[in-house]
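This report walks through one protein chain, residue by residue where that helps. Keep the sequence and the 3D view at hand while reading.

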Amino acid sequence: NFAGLNFEIAKQSAIIRAKHNLRTPDALLIAQAGFYGADIFITNDKNLKKASTHNLQVLLLDEFA
């Protein structure tokens, strides 16, 4: 078990990676956030914005300015 990584997170990250054309580490972070019940994922990476869902909103730090 890699710091909270399990089969469900791995499966979801593969789906997110394929659907949004994200790099594997980014997809894993998004999948873990969703799995553990996060409502918001804050990042500086504009590319991750496309991974927002109805359960997990991806926000950019610039949106807080």
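Leu60 sits in strand β2. This is a predicted model.

What does Leu60 touch, leaving out residues up to four places away in sequence? Its contacts are Thr43, Asn44, Asp45, Lys46 and Lys49. Lys46 is 14 residues away from Leu60 along the chain.

## After β2

Strand β2 covers residues 57-60. Are they buried or exposed? Asp62 has a relative accessible area of 59%, so it is exposed. Phe64 counts as exposed too, at 52% relative accessibility. The cut-off for exposed is over 50%.

Ile42 links to both residues in this account. Phe64 touches Ile42 and Leu59, with residues up to four places away in sequence not counted. Asp62 lies 20 residues from Ile42 in sequence. Their C-alpha atoms are 9.9 Å apart in space.

## The overall plan

Step back to the whole chain. The protein chain has two helices and two strands. Along the sequence they follow the pattern α-α-β-β. Helix α1 spans residues 7-20, and helix α2 spans residues 24-35.

Does the radius of gyration agree or disagree with that of a compact globule? It agrees: a compact globule of 65 residues would have a radius of gyration near 11 Å, and the protein chain has 11 Å. The C-alpha atoms fill a box of roughly 40 × 20 × 20 Å along the principal axes.

## The nonpolar core

Which residues make up the largest nonpolar core? There are twelve: Ile9, Ile16, Leu22, Ala27, Ile30, Ala31, Ala33, Phe41, Leu48, Ala51, Leu56 and Val58. Helices α1 and α2 each supply at least two residues of this core. Helix α2 gives the most, with four residues.

Ile16 is one of the core residues. It lies in helix α1. At 15% relative accessibility, Ile16 counts as buried. Leaving aside neighbours within four places in sequence, Ile16 is in contact with Asn21, Leu22, Ala27, Ile30 and Ala31. Leu28 is twelve residues from Ile16 in sequence, and their C-alpha atoms are 8.4 Å apart.

Leu22 is another member of the core. Its contacts include Ile16, Leu48 and Ala51, with residues up to four places away in sequence not counted. Those three residues also belong to the core. Leu22 touches Arg17, Asn47 and Lys50 as well, under that sequence limit.

His20 lies in helix α1. It is buried, with a relative accessible area of 14%. His20 touches Lys50 and Ala51, not counting residues up to four places away in sequence.

Asn21 lies in the loop between α1 and α2. Is Asn21 buried or exposed? It counts as exposed, because its relative accessibility is 64%. The phi of Asn21 is near 55°, a positive value in a residue other than glycine.

Asp26 has its place in helix α2. At 11% relative accessibility, Asp26 counts as buried. It touches Asp45 and Leu48, not counting residues up to four places away in sequence. Asp45 is also among the contacts of Leu60, and Leu48 is one of the core residues.

## Surface, contacts and charge

How much of the chain is buried? Of its 65 residues, 28% count as buried. The accessible surface of the chain comes to about 4,500 Å². Carbon and sulfur atoms hold 57% of that surface.

Among contacts with a separation of 6 or more, 24% are between residues 24 or more positions apart. The chain carries 7 positive and 6 negative side chains. The centres of the two sets lie 8 Å apart.

Conventions:
Residues are numbered from 1 along each chain as its sequence is written. This is a predicted model: local features need pLDDT of at least 70, side-chain atom pairs count only at pLDDT 80 or more; totals for chains, interfaces and linings use all residues. Side-chain values use heavy atoms; hydrogens and water are left out. A nonpolar core is a set of buried Ala, Val, Leu, Ile, Met, Phe, Trp, Tyr and Cys residues joined through side-chain atoms within 4.5 Å. Buried means under 20% relative accessible area, exposed over 50%, partly exposed in between (1.4 Å probe, protein chains only). Contact means heavy atoms within 4.5 Å. The radius of gyration is taken over C-alpha atoms; the globule rule is 2.2 Å times the number of residues to the power 0.38. Accessible areas come from the Shrake-Rupley method with a 1.4 Å probe; for residues, only the protein chains shown count as cover. Lys and Arg count as positive and Asp and Glu as negative; His and the chain ends are not counted. The place of a charge is taken as NZ of Lys, CZ of Arg, CG of Asp or CD of Glu.
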